Amino acid sequence: MKSLNSSDKRTLLFVIVISLLAPFLLNPFPTGSGMAQFNAGYPDLMQRFAYFGILAIGFNILFGLTGYLSFGHAAFLGVGSYATVWMFKLLSYNIVPGIILAVIMAGLFSLLIGFISLRRSGIYFSILTLAFAQMSFALAYSVLTPLTNGETGLQVYNDDPQILMGENAITSPHLFGLKMQDTFTLDLGPWAFQFNVGYYVCALFLILAFYLSVRIFRSPFGLMLRAIKTNQTRLNYTGINSRPYTLAAFVISGMYAGLAGGLMASMDPLAGAERMQWTASGEIVLMTILGGAGTLIGPVLGAGFIKYFENIFSKINETVLHGWFAWMPDGLEDAVVWVLHLFTGKGWHLTLGLLFMLIVIFLPGGLMEGADRITDWWKRKRGKDVSDTSKTPAE
Amino acid sequence: MSNFTRRGLLKSGAVLGAGMAMPTILTAASHAGYTNAPTGSSVTLGFNVPQSGPYAGEGADELRAYQLAVEHLNGGGDGGMMNTFSSKELKGNGILGKKVEFVTGDTQTKSDAARASAKSMIEKDGAVMITGGSSSGVAIAVQGLCQEAGVIFMAGLTHSNDTTGKDKKANGFRHFFNGYMSAAALAPVLEARYGKDRTAYHLTADYTWGWTQQESIQAATEAKGWQTAANVLTPLATQDFSSYVAPVLNSGADVLVLNHYGGNMINSLTSAVQFGLRDKMVNGKQFEIVVPLYSRLMASGAGENVKGIFGSTNWHWSLTDEGSKAFVKSFGEKYGFPPSQAAHTVYCQTMLYADAAERAGTFNPCGIAEALEGFKFSGLGNGDVEYRAEDHQCFKDVLVVKGKENPTSEFDLLEVVEITPRAQVEYAVDHPMFAGGDLGKCNPGA
């Protein structure tokens, strides 16, 4: 295995620093100020950034490297969540067995689905994975109700076995006694920074997952996956059987999704079937494309971008808008609020859709292409040579 | 490059070190003993309702009622039911002198999204109480979350027995009635109209609410001598019910019970009427359809098809007591149409929470729970009501309604057939349909 080059090391360091300092970086506005609406530095959202980041990194190993577009990744996320909650129900609230089982179950499940779906490629592969995911969703909703608790969602009850739990055991998910929901609040002047145990557990997994993905990208295995994306037919004609490689990539990416699902359930011990629905699978695809498929860090950014919109923009309701534009004359204020409320609150999908269109049209390489263009422009402005060959998205 | 890395490491190391050291000096400064204790001159409530998905119509009406309640609490408007409420603690100066502010969120009628939204209200906006929900699955999920986080959950529209049965929580309170009460109120009316010798066929939404309501209706009607031909579960996401309705006629049943709500009920009822079920004669008797949980919003969605169909509701705007009249008046003046039962229950929940905080003198969830447990009140449109301490369920009269044959306006769709007195719908805390739950202890969080 080749060692990492300096640019990879820099990216890795970047991810580590960003993950560890997220509570500061995501909370730029003082609490209580008007702009606090846009702060994202609260535990739940930061946790979401981390585990959806893991999900997108895993998806990118499949889609970014091999070009196989899976429309069923949410199924593995769901399987991971259910596995973890079942471990909570049967053993105890320690997240370790849950997360291990989540990864294993998602791995097995993706082996099964991958084995069948990978007999086809292109659109047929996408349709097959979509069908499997929808099937899992429908099963979780109806036939498998004893296992999934249907629409109510699988949750832990006081009368569950929990055989490893002693008398005064902790009654929420924890890592050997460190409770996931514990939050340390640091009040610095007008700012309140929240350091949450659960987030740092997620962040640790994110860093590990990212490191692993860098190693895969730079390994001979990763090269083979890129070869599949470039021209699978040609690869087959040279006598290489590409299916074991695609299957391996599929299973790895399924296990990443399982890990994400396990973490999701560990942060919030309830697993609902909706997280397996096709819209959830589509969201993963959006995250990856929005951030930049085939780049290392793009999918993480894409995941953060979408989750930010979902959680922050959806909460800007008409009352908040009226508050912002209260300085305007009455008629004008109402008009402005009427226009803007279409794009915020429950209209956040619209804003996200528009941004997605803009990005796909003007920056086909996603947010990462935007970042590259800015750095190029910056370098050009400072009179430097821009013949930089280090950035090589796997096209 | 090694230069960059070293400097970067040093820098981040220093910042991290400072970050790690700081909390040990500065924490516990603002510790008030419970989650999100309001420190400034205002208090934040979280309104978590479906703004998209099959129950979006109910969600929108709930949000209107919440805004109206906040206006009244802060001294705006005409005060609505604050004037008729039997407890006179609320003065229109907010809650405990603090101005009421609110944040809203979209549950999308999904447990996951609802919990995410509730979590952000608690963690980011500092909400001290969460209320809302238009689906029992969502309400139960959010109630569990509030119990863990240490805030009060005032359930909105949730009709499953489980919300205050096997999934009941010490921090959760429900004003709305439930499946058991619907069944207890409906069964005698159905017996009187349709006779003892009937066979029912159930179509049931496949989740906690559908299951428990079906169980309740089956038990109550069988006690009156009815038989049950079959119970078919339908997924919540079903749009076309024709394949479920088709087998009904050959089953020998002469009553179809639709345990559906919102968009589901509109579609299944329309389907059943299109199949001509209501014109059929089975076993020498007229075929009938029953919709145990009714709402005005659903009735207007189903249009002509609801005429003459029996069901039950928590409240209806045509009631003539002082509380209902005051509420309909101020809601109507603000929005131009009468409120739905969903709007009524969430308005009451907000008032009850505010009143409990006033009486307890604190926002501490344990204090509020104590003030609400066993609280008896009237003047909120349902007559004499009691919040039972053992399971945090409100006990009050239940309305049996019928789709109006000759509606006078687009809102005048239901007529109240009978007001079933509270005594008839009460049940023991350890009733088998509600057993298995554990209220636990109130959790103030922090």
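Two residues are in contact when their C-beta atoms, placed from the backbone, lie within 7 Å. That criterion applies throughout this tour of a predicted model.

**Stop 1: chain A as a whole**

Select chain A. Its secondary structure comprises 15 helices and 6 strands. Along the principal axes, the C-alpha atoms occupy a box of roughly 75 × 70 × 40 Å. A compact globule of 395 residues would have a radius of gyration near 21 Å, and the 22 Å of chain A agrees with this. Buried residues account for 47% of the 395 residues in chain A. Of the contacts in chain A between residues at least 6 apart in sequence, 75% join residues at least 24 apart.

Colour chain A by confidence next. The mean pLDDT of chain A is 88, and 96% of its residues reach 70 or more. Then select residues 388-392 of chain A, where pLDDT stays under 50. For this stretch the model has 2 contacts beyond four places in sequence.

**Stop 2: Gly366(A)**

Select Gly366(A), in the loop between helix H14 (348-362) and helix H15 (367-381) of chain A. Is Gly366(A) buried or exposed? It counts as buried, because it has 25 C-beta neighbours inside 10 Å and the cut-off for a buried residue is 20 or more.

Now display the surroundings of Gly366(A). Leaving aside neighbours within four places in sequence, Gly366(A) is in contact with Ile289(A), Leu290(A), Gly291(A), Gly292(A), Ala293(A), Gly298(A), Gly302(A) and Ile359(A).

**Stop 3: where chain A touches chain B**

Show both chains together. The contact takes 37 residues from chain A and 39 residues from chain B. On the side of chain A that touches chain B, helix H1 (6-25), helix H2 (43-66) and strand S4 (183-188) of chain A each supply at least two residues. Which of the elements gives the most to this side? It is H1(A), with 6 residues. Colouring this side of chain A by residue class gives 12 nonpolar, 15 polar and 10 charged residues.

**Stop 4: chain B as a whole**

The C-alpha trace of chain B spans about 90 × 60 × 40 Å along its principal axes. For 446 residues, a compact globule would have a radius of gyration near 22 Å; the value for chain B is 24 Å, which agrees. Of the 446 residues in chain B, 58% are buried. Among contacts in chain B between residues at least 6 apart in sequence, 72% join residues at least 24 apart.

**Stop 5: the two domains of chain B**

Colour chain B by its domain assignment, which gives domain 1 (42-177 + 317-396) and domain 2 (180-313). The centres of these two domains of chain B, taken over C-alpha atoms, are separated by 30 Å. Where they touch, 16 residues of domain 1 of chain B are in contact with 17 residues of domain 2 of chain B. On the domain 1 side, the elements that give two or more residues are helix H2 (56-73), helix H4 (136-149) and H11 of chain B. The residues on that side of domain 1 of chain B divide into 5 nonpolar, 8 polar and 3 charged.

**Stop 6: the loop between S2 and H3 of chain B**

Select Gln108(B), placed in the loop between strand S2 (99-106) and helix H3 (111-123) of chain B. Phi of Gln108(B) is near 55°, a positive value in a residue other than glycine. Gln108(B) is buried, with 23 other C-beta atoms within 10 Å.

Move to Thr109(B), which lies in the loop between S2 and H3 of chain B. Thr109(B) also has a positive phi, near 55°, in a residue other than glycine. With 27 C-beta neighbours inside 10 Å, Thr109(B) counts as buried.

**Stop 7: helix H12 of chain B**

Finally, select helix H12 (residues 365-372) of chain B, in which Pro365(B), Ile368(B), Ala369(B), Ala371(B) and Leu372(B) are buried. Turn the view to look down the axis of H12(B): the buried residues fall within an arc of 165°, so they line one face of the helix.

Gly374(B), which follows H12(B), has a positive phi, near 75°.

Definitions and conventions
Residues are numbered from 1 along each chain as its sequence is written. Chains are lettered from A and ligands numbered from 1 in the order in which they are written. This is a predicted model: local features need pLDDT of at least 70, side-chain atom pairs count only at pLDDT 80 or more; totals for chains, interfaces and linings use all residues. A residue is buried if 20 or more other C-beta atoms lie within 10 Å of its own, exposed if 12 or fewer, and partly exposed in between; C-beta atoms are placed from the backbone. Helices (H or I, at least four residues) and strands (E, at least two) are DSSP runs, numbered from the N terminus. The arc is that of the directions from the helix axis to the C-beta atoms. Domain bounds come from an automatic or database domain assignment. Ala, Val, Leu, Ile, Met, Phe, Trp, Tyr, Cys and Pro count as nonpolar, Asp, Glu, Lys and Arg as charged, and the others, Gly among them, as polar. pLDDT is the predictor's confidence in each residue, from 0 to 100. The radius of gyration is taken over C-alpha atoms; the globule rule is 2.2 Å times the number of residues to the power 0.38.
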